[in-house]
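Please read the following report alongside the sequence and the model.

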Amino acid sequence: MTIGNISPNEKRSRRGKQVVDENAPLLPKRKEEEGGFDEFNGASFTGAVFNLSTTVVGAGIMALPATMKVLGLGLGIALIIFMAFLTEASIELLLRFSRAGKSVSYGGLMGDAFGKVGKGALQVCVLVNNIGVLIVYMIIIGDVLSGTSSSGVHHSGVFEGWFGEHWWNGRTFVLLVTTLAIFCPLACFKRIDSLRFTSALSVALAVLFLVITVGISIVKLISGGIQMPRLLPDVTDLTSVFNLFTVVPVLVTAYICHYNDFIWVSKKFYSIHSIDNELEDSKQIKAVVRTSLALCSTVYIMTSFFGFLLFGDNTLDDVLANFDTDLGIPYSSVLNDAVRVSYAAHLMLVFPIVFYPLRLNLDGLLFPSARPLASSNVRFALITTGLIAVIFFGANFIPSIWDAFQFTGATAAVCLGFIFPAAITLRDRHNIATKKDKILGTFMIVLAVFSNIVAIYSDAYALFKKNTSTRE
């Protein structure tokens, strides 16, 4: 994910369309990445929808049932739909201004609007966001394999359920072994196409998780083992009102797909700009975005609905941690383990796919004029080791994925998804913004800043209150 300069003959878009050199893609086409950008041959509508949907759905899906616990099903589902519409609007602004400035990437667009400062700000946000995502992955893996006590009540992990409580299945030790035995070897590949098979398998494991969860919920509904969950939030005082805003960073993170992200499908990185360039008919991009967001919203609503339906007010920040109890159906323990192990395996396989462009982006930020990273073993080893160490310690010191999402969602993700597109619109270097666009841009910035400041305040207040009560 490095912002660099690319010569005109290294760039390709739909059917020979030429683009200017100064707007370089966020992921550069260096020598070691030649397999990453093939010539676009005119993608089908269905293929574009699938590829974009793959970039949207991520680990944030595990925290969505917890948002229903805060908001209630009615308000929660309404907010998921609202976020889908707001995301569509921000993507439309990005693409329209990209065409006006002949930019082929988010990085190029930010550079066109705000120069080197804009590109730098985007790079920093991508770094923070992707490091946060990888920390979330590792926290979830720790919850699944070793259990969690972040809610004040211990929920056992898979290893504890199988072998009992031992020192070797404690959280820190399990994450250390997972990091050394799985993440480090996979992260040491210098070519991303070496990971194409693990990427395909990871998607299948994610689908398996959703199918099993929905199946369990339907069986329990038929047998009458589920009570009707709350439709509205439980608001009793001003603190509970502020607490409603804590779901905003989680939902923002769930819909992030604006920049050249880490999804690797058929030897290509996919993002809004690359999918737009790949379409034979550029007019289809609006329908592609709408269809993809509708599909993703459906997945989010199903996961939120059935997850909250299963566990009600006992839903944890990471819903996978709830699958340590008797579900009240035949083969409950087998299904519990299948759900947790399948998704943990999914995250282990996706981890290096996210890590690869993160490392490239950090290298480009720290060493913009250096030779390609793959040709420098020392630099490659130092950056890889440093990033993995930061992610490992972050996963051990951050108590839950909710806290991780609060930080990344309220800072980097909200900038990438809404504040930057709105700022580009208000900057309007090419004089194409309508009055409606500027009103929408202002609304996005005000809403994003206000809601996320309240969310950060609410989380900080809750943490302070928790620490005070612990001391007493």
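Which residues have the most contacts inside the largest nonpolar core, and how many residues does that core have? The largest nonpolar core has 113 residues, and those with the most contacts inside it are M62 and F420; a nonpolar core here is a set of buried Ala, Val, Leu, Ile, Met, Phe, Trp, Tyr and Cys residues joined through side-chain atoms within 4.5 Å. Helix α4 (residues 106-146) gives the most to this core, contributing 19 residues.

This is a predicted model, in which local features need pLDDT of at least 70 and side-chain atom pairs count only at pLDDT 80 or more, while totals for chains, interfaces and linings use all residues. Residues are numbered from 1 along each chain as its sequence is written, and side-chain values use heavy atoms, with hydrogens and water left out.

**Overall make-up**

The protein has 15 helices and four strands, where helices (H or I, at least four residues) and strands (E, at least two) are DSSP runs numbered from the N terminus. Of its 472 residues, 55% count as buried, buried meaning under 20% relative accessible area, exposed over 50% and partly exposed in between, with a 1.4 Å probe and protein chains only. Among contacts (heavy atoms within 4.5 Å) between residues at least 6 apart in sequence, 80% join residues at least 24 apart.

The table gives the axis values for two helix pairs; axes are lines fitted to C-alpha atoms, for helices over the stretch in contact, and angles run from 0 to 180 degrees between N-to-C directions.

| Helix pair | Axes come within | Crossing angle |
|---|---|---|
| α9 (residues 247-254) and α14 (residues 401-427) | 7 Å | roughly 55° |
| α3 (residues 73-100) and α14 | 9 Å | roughly 40° |

The angle between α9 and α14 makes α9 oblique to α14; angles under 35 degrees count as roughly parallel, over 145 as roughly antiparallel, 65 to 115 as roughly perpendicular and the rest as oblique. In this contact V247, P249, V250, V252 and T253 of α9 meet residues of α14 that include W402, F405, A410 and F418. The residues of the contact of α9 with α14 comprise 10 nonpolar, four polar and no charged.

For the other pair, α3 and α14 are likewise oblique to each other. On the α3 side M83, L86, T87, S90, L93, L94 and F97 take part, and they meet G417, F418, P421, I424 and T425 of α14. By class, this contact has eight nonpolar, four polar and no charged residues.

Helix α2 (residues 64-71) is mostly covered, seven of its eight residues being buried, namely L64, P65, A66, T67, M68, V70 and L71. The cover over these buried residues includes α3, α8 (238-243), α9, α11 (285-311) and α14. Just after α2, G72 takes a positive phi of about 85°.

In the loop between α1 (45-56) and α2 lies I61, which counts as buried because its relative accessibility is 7%. I61 touches V299, Y300, T303 and Y343, again not counting residues up to four places away in sequence. The C-alpha atoms of I61 and T253 are separated by 9.5 Å, although these residues are 192 apart along the chain.

Definitions and conventions. Ala, Val, Leu, Ile, Met, Phe, Trp, Tyr, Cys and Pro count as nonpolar, Asp, Glu, Lys and Arg as charged, and the others, Gly among them, as polar.
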